[in-house]
Amino acid sequence: MADGNQTEVYVYEQVVILLSCVLSFLGSLVIICTYATWRDLRTTPRKLLVFLSVADLLSALSYFYGVLKVFNSNTKDCIAQGAISTFANTSSFFWTVAIAIYLYIFIVKSSQRLADSLVLYFHLISWGVPLSITVAALALQKIGYDASEVSVGWCWVSIQEEDHVLWMLLTGKIWEFLAYVTLPVLYILIKRHIHKAGIGNTFQGAANCVMFVLCTRPVRSRLVALLCCRGRETQSSSDALSQHTVHTNTDRANSPRAWEKEGEEED
């Protein structure tokens, strides 16, 4: 809370925010590490998810430092923290929308080539626009101490600027609002497309399998190899069973008891 020109942050607020920052950091780190470790799973959607995780990781680190430090003046580290959080948070919104657009084109439009061709533009927009906004805000000295009127200890847009509302919109809120509007629309369209197949909710797992397994060449190759090996094992078992049956019938036919039974039938 803000008390005049001083920042008053309660301990429970710090604990909750710090814990959420730690969880966000660890979650982003796990996504990045799994992508780097398992090469077979390096699909384009996962790659986009990694870029989103990088932005979330930077955002978590900057907020963690801000909440832990609890700024009460317009210092250099306050400005640096505000700049990093502005860039990372805005970039996170752009990457989230980019992933939704990619999935929409891939699933609804059934065009992986078109979806992959947009990755370069995703980079230019999701990194370039936040960077441009952040540099402009720094150059115009709009980032700084905000008296925690719109945060919990960290720095963002300087509350002393007359046009601080405009810059709050440009450095985060307007992109956050657009993301909240765009994401539901795209995912509803994806869900409607899946529902039109007569498959409905039960196709969600299959859709994930198509996206993250069947469309991944190394995984697909391993599945084919596994199925072929099992097919060969089944054929070998069948051949072995057939040979065993032939040998059994032959042995029975050549047994003395069988000859005796044939002799009795002839008599």
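The structure is a predicted model, in which local features need pLDDT of at least 70 and side-chain atom pairs count only at pLDDT 80 or more, while totals for chains, interfaces and linings use all residues. Residues are numbered from 1 along each chain as its sequence is written, and side-chain values use heavy atoms, with hydrogens and water left out.

**Overall architecture**

The chain contains nine helices and four strands. Here helices (H or I, at least four residues) and strands (E, at least two) are DSSP runs, numbered from the N terminus. Read from the N terminus, the order of elements is β-β-α-α-α-α-α-β-β-α-α-α-α.

Of the 267 residues in the chain, 32% are buried. Buried denotes under 20% relative accessible area, exposed over 50%, and partly exposed in between (1.4 Å probe, protein chains only). The chain exposes about 16600 Å², and carbon and sulfur atoms supply 63% of this area. Accessible areas come from the Shrake-Rupley method with a 1.4 Å probe; for residues, only the protein chains shown count as cover.

Among the contacts in the chain with a separation of 6 or more, 66% are between residues 24 or more positions apart. A contact means heavy atoms within 4.5 Å.

**Helix packing**

Axes are lines fitted to C-alpha atoms, for helices over the stretch in contact, and angles run from 0 to 180 degrees between N-to-C directions.

| Helix pair | Crossing angle | Axis separation |
|---|---|---|
| H1 (residues 11–37) and H2 | roughly 150° | within 8 Å |
| H2 (residues 44–69) and H3 (residues 76–107) | about 155° | 8 Å |
| H3 and H5 (residues 119–139) | roughly 155° | within 9 Å |

Angles under 35 degrees count as roughly parallel, over 145 as roughly antiparallel, 65 to 115 as roughly perpendicular and the rest as oblique. H1 and H2 are therefore roughly antiparallel to each other. The crossing of H1 with H2 is left-handed, a term for the near helix being turned anticlockwise from the far one by less than a right angle, with right-handed used if the turn is clockwise. The contact of H1 with H2 comprises 19 nonpolar, four polar and three charged residues. In this classification, Ala, Val, Leu, Ile, Met, Phe, Trp, Tyr, Cys and Pro count as nonpolar, Asp, Glu, Lys and Arg as charged, and the others, Gly among them, as polar.

H2 and H3 are likewise roughly antiparallel to each other, and their crossing is left-handed. Their contact has 14 nonpolar, 10 polar and three charged residues.

H3 and H5 are also roughly antiparallel to each other, but H3 passes H5 in a right-handed crossing. The contact of H3 with H5 has 15 nonpolar, six polar and no charged residues.

**Residues within the helices**

Gly27 lies in helix H1 and, at 33% relative accessibility, counts as partly exposed. Gly27 and Ser53 are 26 residues apart in sequence, and their C-alpha atoms are 8.2 Å apart in space.

His123 belongs to helix H5 and is partly exposed, with 23% relative accessibility. Apart from residues up to four places away in sequence, His123 touches Phe51, Trp95 and Gly128.

**Residues in the loops**

Ser110 is located in the loop between H3 and helix H4 (112–117). Its phi is near 55°, a positive value in a residue other than glycine. Ser110 counts as exposed, at 58% relative accessibility.

Gln141 occupies the loop between H5 and S3. Gln141 also has a positive phi, of about 60°, although it is not a glycine, and it is exposed, with a relative accessible area of 61%.

Tyr145 is placed in the loop between strand S3 (143–144) and strand S4 (156–157). At 9% relative accessibility, Tyr145 counts as buried. Tyr145 and Asn72 are 73 residues apart in sequence, yet 6.9 Å apart in space, C-alpha to C-alpha.
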